[in-house]
Amino acid sequence: MGPVALAGYVAALGVATYLLKVALQDLSAYQVNVLMGVAMLVVSVPAVLVTEGSLRMTGGRLPTAALVAVLMAVGSVLYALALSRLPAGITAAIATSYVVIVVVLSAIFLKERFDWIIALGVASTLGGVALLSYRA
């Protein structure tokens with residue numbers, strides 16, 4: 001199920017980024033993000049109710065999850081603002097460089113492996129972002 005969910009995520013984000021660029025011709029980045037927030041509630045509340053049985057949230061990691069939600073919301077607004085002022089391809093390419101931050105933080109705090117092949121992947125990611133965003 002993991003690979004299927006990941007493929008769905010990539011497809012949904014790819015199509016959504018293209019459509020977001022179109023929507024930003026008539027709506028502000030803030031308006032689009034309000035719509036995204038509403039859509040997240042419409043999709044996630046029933047999903048939580050079906051899978052968890054209630055909306056009750058407890059646990060020691062709840063503050064961390066709340067911080068994740070705030071950072072994702074801020075990131076979404078900033079991404080839409082960038083997309084409203086830059087070409088879609090360049091914006092999407094540069095945005096994928098967040099992966100480098102995830103890899104580094106995961107190695108430091110989660111003790112995930114960081115070897116030469118991961119370093120090569122990070123370098124390739126940054127090189128690919130540079131190539132995709134290069135304009136002569």
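Predicted model: local features only at pLDDT ≥ 70, side-chain atom pairs only at ≥ 80, totals over all residues.

**Helix 3 and its length**

Let us begin with helix 3, which covers residues 62–85. Its 24 residues should span 34 Å at 1.5 Å a residue, and the C-alpha atoms at its ends are 35 Å apart, which agrees. Within helix 3, Ala80, Leu81 and Leu83 are buried. What lies over the buried residues of this helix? The cover includes helix 1 (2–23), helix 2 and helix 4.

**Where helix 3 meets helix 4**

Two packed helices are described by the angle between their axes and the distance between the axes. For helix 3 and helix 4 (residues 88–95), the angle is about 145° and the axes are 8 Å apart. Helix 3 passes helix 4 in a right-handed crossing. On the helix 3 side, the contact is made by Tyr79, Ala82 and Leu83, while helix 4 brings Ala88, Thr91, Ala92 and Ala95. Sorted by class, six of the residues in this contact are nonpolar, one is polar and none is charged.

Two members of this contact deserve a further look. Beyond its neighbours within four places in sequence, Leu83 touches Thr17, Leu20, Lys21, Leu24, Ala88 and Thr91. Thr91, placed in helix 4, is in contact with Tyr79, Ala82, Leu83 and Leu86, again leaving aside neighbours within four places in sequence.

**A residue in a loop**

Now for a residue in another setting: Lys111 lies in the loop between helix 5 (98–109) and helix 6 (116–133). Its phi is near 60°, a positive value in a residue other than glycine.

Is Lys111 buried or exposed, and what of Thr91? Buried means under 20% relative accessible area and exposed means over 50%. Thr91, at 5%, is therefore buried, and Lys111, at 67%, counts as exposed. The table sets out these two values.

| Residue | Relative accessible area | Class |
|---|---|---|
| Thr91 | 5% | buried |
| Lys111 | 67% | exposed |

Definitions and conventions: Residues numbered from 1 in each chain as written. Heavy atoms only, no water. Axes fitted to C-alpha atoms, helices over the stretch in contact; angles between N-to-C directions. Helix = DSSP H or I, 4+ residues; strand = E, 2+ residues; numbered from the N terminus. Left-handed = near helix turned anticlockwise from the far one by under 90°. Contact = heavy atoms within 4.5 Å. Nonpolar A, V, L, I, M, F, W, Y, C, P; charged D, E, K, R; others polar. Buried < 20%, exposed > 50% of the residue type's maximum accessible area, 1.4 Å probe, protein only. Expected span 1.5 Å × (residues − 1).
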